[in-house]
Amino acid sequence: MRLVHVNVTQLRVAATCPRLHWFDARATAERQDGRKVVSRIWRKGGEAPGCGALFHTAVERFNAAAASSDEVLAALEGARDAAGLQQALMRWFNASCIDLDAFAARPVPLRLGFIAAVQVYMDELARLAVHARAAGLPAAELRRQLFGDSRKRVDVTFHVGEDVHVHVTGAIDYVYFDPRLGKHRIVDYKLTPATSPNSDLFQVFTYALMHHHQHGTKPDVAVFYLHPTRSVREARWEEVEAKRGKIHELIASMVAWSDHALGAGGLSPPGDRTYCDGCKHERSGACVAELGHKDRGAWDRRWAALEATRGEAPDEGARVAAGAPAAGEPLADEPMVEDDPELEAALAVVKPAGERPRPAPGRGKKAPAEAPPGGARSTPAEAPPSRGKAPPSGERSTPTALDAGAGPPAARTADVAGMLLGFDDGGSPVCMDPAVLRTHVSVVGAAGSGKTWMAKIIAEEALRAGVPVLAIDPQGDLVQMMEARPRPDVPPALLRAWEELQERMEPRILTPGSSHGQRLCLDPLRLPSASELSHIANPALRAEEEEGLLVAVAANLVSLCACGGEEESQRTFLFQVLQRLPRAAPVRLRDIVAAVTAPEDLGIDEVDSLIRKSERERLARRLNTFVQGPSARLFSGGTRLDFTELLRPSRPGRVPLNIVYLNALSNDDEKHFFLAALATELYRWMITTVDATSGGVNLLFYIDEARDWIPAGGSKPPAKQPLIRLFTQGRKYGVGCLLCTQSPRSVDYNVFGNTSTKLIGRLEAAQDVERVIDWFTIEGGAPPWVAARKGAPRGSFVARWPDMPAALAGRAFKGRTLFTRHAGAWSPDRVERAVTEAGLRGPGG
């Protein structure tokens, strides 16, 4: 019997490009010292600083130490919200795991990349923990589930031929028991662009299969890209199990390719052009010179044939290696050639496991300016670019499977009327009247269910119907709608609809606080004037509307300043200031600063009864930083936020698609503030400009990842109330709202209560199924189709909207092909390149 030793890193390289594995095998043989040469493909792309080694080393130290930390236990016991817990974990991480002096000596790009990655990591962990605590899980048990599983080492032998066994070893980044799902979950963290998601998933699939063989678990998996852009690719255990044959075939092929590299027969490997741009063998010409055209080469398929003849279950093709080390013990694996130049520096920054942690600094103490990864309140010039708060299982991958079977027969789509959402199993089109948009639309589905895909279909159909769209893009998923799907990729039956969209859509990429697209500015502020509200005949109602708008502006400014103290007093004082400011001319932020500094000039007497002097002075100083300081980017440069202009086409027949890209803002506070200000301004425009009696749909307001902005429960981020007001009042003015969320329990009930149109994709949690039952239950009990939503295939939806034809009730359908691009989140630089190439810079760019 022949026994071959490989590790999961080598398998990842082979999955990316078989020829890389071939060259590595030959280089290993040439060394003759037993050390394996492994190409470091994580450097591909070159956009992120090389902080992967530092991150993985630090987080491994953190997870190991947190399992027995009393401070971590206390933080979990006192967890009330994700933001607070995240900061508590950050403080402990800074004090216990990082040598801040050594960290400060690292290059600035690496520090900023590391800080951004750790913030995202801790945010995910905090969200998971708060969810578990809210469900009643004791803190000690939660700590055990999150940090107590030390079974990260995997050591399994695969039987891939009649006389060949391959011993595969590896180390998992993170394995834990997810209390939300009631099952294990394996996560692999990446600090690189998501340029090879399928290969990255293949690696974590292998980890999961090995963990299953070794420990009997059936884990779900995820690849979590932390930097430079946050995104997640995930899969359930059933998908891992279904791909086990592919893993066996890759392992068998690796043996054959290695043999060929050593001149011992085997198979010549094929090439994968995806990696060519960053490959030294491509640059030198060795790839084609030594192995021929990249399409040449073969895989070893003997494993599948062997199992077919023996009738053996695929799982029997692997077994736990005899004498495998106990959990947590190091593996006796062959040494590798480590060509990561950051590794030694990482070990110098991360405190060793034996060092006793010093107490974390208290809440009131100031942290070092650059070093702590939790420095969310550092100056914007030093702060890392936040990548938003996408949920841990956020859907980011391109659901290419949606196209399979989605192209209907041409005869069934020739004269489709209304908004074409997709097709049922028989190929019949499923269409919705555009007027339904006025009643608000929610798209609900678990991660990977295709909900963003479906929401984009609705936005495209709105544009085709002549309805302008304003889309809030927190991550970079929606901005890709500026580019058309290539014509050859569109089914012939849908080409005319694709052409209509290209003829009508007028994309504009709006970037608040930056010039990556068309820059937006919030200064001067739009305060309601008497003339704008004069159409409201009822004086009491007119006064209420004016007061409500001023209160909203005051609340937004207080949340942006984040001065602490008595925020209610600050809001009351600012409301009095805004109420008295002259509005004949535009009100600029500097006018508000002057009024806060000298309120007596506006006739505000007894100021101390409204707000303490120290708080008023602090409020004035903070507001002034947005006029003169580095934080002024939201209130300077670019074009003023003006919905009348945004919704006006450049020429007749065009329909504006305004995408507000938030990912260029430096932190979540600015994102929340800007969205709150935008929602407030949208409401002001709505009640002062729109004819409420027209009966049409004047605008579709599309917000992705709604739970981050309008969460359920007592949490009140700045944008929550302004957004809820749009849902409660928008339909009266023909402003329809469209939202996406993974769980129907995660968004405030006031929103769903005002959403008459619901599209339900795949559901995973039993509580989500129960909530949907509550929505759809009529006399006689729950609809029969609800149970099938749990585990439904990707891209499958069941919908309900007002006056829906009876024939469509409860009928599952699959979303049509998208007419615009959908290929993962775009970074700010990628957005800038696309905007420039398309000539969409605009006057604010």
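What percentage of the 845 residues in the chain is made up of buried residues?

1. Overall make-up. The structure is a predicted model. Buried residues account for 58% of the 845 residues in the chain. The chain contains 27 helices and 23 strands. Its exposed surface comes to about 33,200 Å², with 51% of that area supplied by carbon and sulfur atoms. Of the contacts between residues at least 6 apart in sequence, 78% join residues at least 24 apart.

2. The largest nonpolar core. In soluble globular proteins, nonpolar side chains tend to be buried together. Here the largest nonpolar core has 87 residues, and the residues with the most contacts inside it are Ile 592, Leu 623, Leu 678 and Leu 723. Helix 23 (residues 668–689) gives the most to this core, contributing 12 residues. Leaving out residues up to four places away in sequence, Ile 592 touches Leu 525, Leu 557, Leu 574, Leu 578, Leu 581, Val 587 and Leu 623. A further core, of 56 residues, lies apart from the largest one; among its members are Ala 462, Val 490, Val 697 and Val 835.

3. Phe 673. This residue belongs to helix 23. Phe 673 counts as buried because its relative accessibility is 3%, below the 20% cut-off. Apart from neighbours within four places in sequence, Phe 673 is in contact with Leu 522, Asn 556, Leu 557, Ser 559, Leu 560, Leu 634 and Phe 635. Leu 557 is also among the residues that Ile 592 touches. The C-alpha atom of Phe 673 is 6.8 Å from that of Ala 719, although 46 residues separate the two along the chain.

4. Strand 7 covers residues 220–225, and six of its six residues are buried. In a regular strand the side chains alternate between the two faces of the sheet. In strand 7, Asp 220, Ala 222 and Phe 224 lie on one side and Val 221, Val 223 and Tyr 225 on the other, and both faces are covered. Strand 6 (residues 183–190) pairs with strand 7 in the parallel sense over six bridges; Asp 188 has Val 223 of strand 7 as its bridge partner. Strand 8 (residues 231–235) pairs with strand 7 in the antiparallel sense over five bridges. In that strand, Ala 235 stands opposite Val 221. The hairpin that joins strand 7 to strand 8 runs through five residues.

5. Helix 16. Just after helix 16, Gly 466 has a positive phi of about 90 degrees.

6. Backbone exceptions. Most residues other than glycine have a negative phi, and most peptide bonds are trans. His 440 has a positive phi, near 75 degrees, and is not a glycine. His 440 sits in the loop between strand 12 (429–432) and strand 13 (441–444). With a relative accessible area of 0%, His 440 is buried. Glu 705 also has a positive phi, of about 50 degrees. Its place is the loop between strand 19 (699–703) and helix 24 (720–729), and Glu 705 is buried, at 5% relative accessible area. A cis peptide bond, with omega about 5 degrees, joins Asp 523 to Pro 524. Pro 524 falls in the loop between strand 16 (518–521) and helix 18 (539–561).

7. Cysteines. How many disulfides does a search of the whole structure find? The search finds zero. For Cys 17, the nearest cysteine sulfur is that of Cys 287, 6.3 Å away. Cys 279 is likewise in no disulfide, and the sulfur of Cys 287 is the nearest to it, at 6.5 Å. A disulfide would need the two sulfur atoms within 2.5 Å. Cys 17 is buried, with a relative accessible area of 8%, and Cys 279 is buried at 10%.

Key:
Residues are numbered from 1 along each chain as its sequence is written. This is a predicted model: local features need pLDDT of at least 70, side-chain atom pairs count only at pLDDT 80 or more; totals for chains, interfaces and linings use all residues. Side-chain values use heavy atoms; hydrogens and water are left out. Helices (H or I, at least four residues) and strands (E, at least two) are DSSP runs, numbered from the N terminus. Buried means under 20% relative accessible area, exposed over 50%, partly exposed in between (1.4 Å probe, protein chains only). Contact means heavy atoms within 4.5 Å. Accessible areas come from the Shrake-Rupley method with a 1.4 Å probe; for residues, only the protein chains shown count as cover. Two strands pair if DSSP finds at least two bridges between them. A nonpolar core is a set of buried Ala, Val, Leu, Ile, Met, Phe, Trp, Tyr and Cys residues joined through side-chain atoms within 4.5 Å.
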